[in-house]
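Hi everyone, thanks for making time. Please have a look at the sequence and the structure on the screen, and I'll walk you through them.

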Amino acid sequence: MKRIITPIACMIVAGSAVAFHAFGPSNPASLVQGCMPLAYPAESLSLHEDGKVSMALLIGAHGEVMDRKLTRSSGHRRLDNAALAGMAQCHFEPAKADGVAQESWLMLDYVWKLPE
């Protein structure tokens with residue numbers, strides 16, 4: 001299979017931003033609305049922690065997250081864990097090749113930004 005990086009989207013939702021990139025089919029996986037924004041960890045709020053979490057999600061042919069990997073830390077373990085756990089609960093439109101759904105890796109950046 002040919003590996004392609006395709007910018008998919010950037011969403012800004014209630015103090016956070018998400019950017020997507022996909023590897024795999026020319027019609028890559030995409031996030032289905034409804035799972036955002038993720039809950040900001042209370043202790044991270046009180047400690048004024050913010051940052052960008054980069055991760056890779058393996059999206060299955062039915063849109064479920066089958067695997068997840070941290071590719072770059074925000075510098076705060078709580079934020080990293082919350083982003084990985086939260087995005088794992090999301091449902092995605094699977095990638096398609098020739099109209100057939102298949103699993104693919106989705107590279108995702110989740111930015112935690114403190115409320116102003």
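Let's start with His48, which is exposed, with a relative accessible area of 60%. By exposed I mean over 50% relative accessible area; buried is under 20%, and partly exposed is in between, using a 1.4 Å probe and protein chains only. His48 sits in the loop between α1 (42-46) and β4 (51-59). Its phi is near 60 degrees, a positive value in a residue other than glycine. The helices here (H or I, at least four residues) and strands (E, at least two) are DSSP runs, numbered from the N terminus.

A word on what you're looking at: this is a predicted model, in which local features need pLDDT of at least 70 and side-chain atom pairs count only at pLDDT 80 or more, while totals for chains, interfaces and linings use all residues. Residues are numbered from 1 along each chain as its sequence is written, and side-chain values use heavy atoms, leaving out hydrogens and water.

Where else do we find a positive phi without a glycine? At Asp98, with about 55 degrees. Asp98 belongs to the loop between β7 (95-97) and β8 (100-102), and it is exposed, with a relative accessible area of 82%.

Now the overall layout. The protein chain has 2 helices and 9 strands, and along the sequence they run β-β-β-α-β-β-α-β-β-β-β. Of its 116 residues, 43% count as buried.

Next, helix α2, residues 77-88. Its 12 residues reach 16 Å from first C-alpha to last, close to the 16 Å expected at 1.5 Å a residue; the expected span is 1.5 Å times one less than the number of residues. Which residues of α2 are buried? They are Leu79, Asp80, Ala82, Ala83, Leu84, Gly86, Met87 and Ala88. Their cover includes β3 (30-31), α1, β4, β5 (65-72), β6 (92-93) and β9 (104-112).

Finally, how far can we trust the picture? pLDDT is the predictor's confidence in each residue, from 0 to 100. The protein chain averages 81, and 76% of the residues score at least 70. Confidence is highest in β5, at a mean of 97, and lowest in strand β1 (residues 6-13), at 36. Over residues 1-15 the pLDDT is below 50, and this stretch has 45 contacts in the model beyond near neighbours in sequence, a contact being heavy atoms within 4.5 Å. Where pLDDT is low, the predicted coordinates should not be read in detail.
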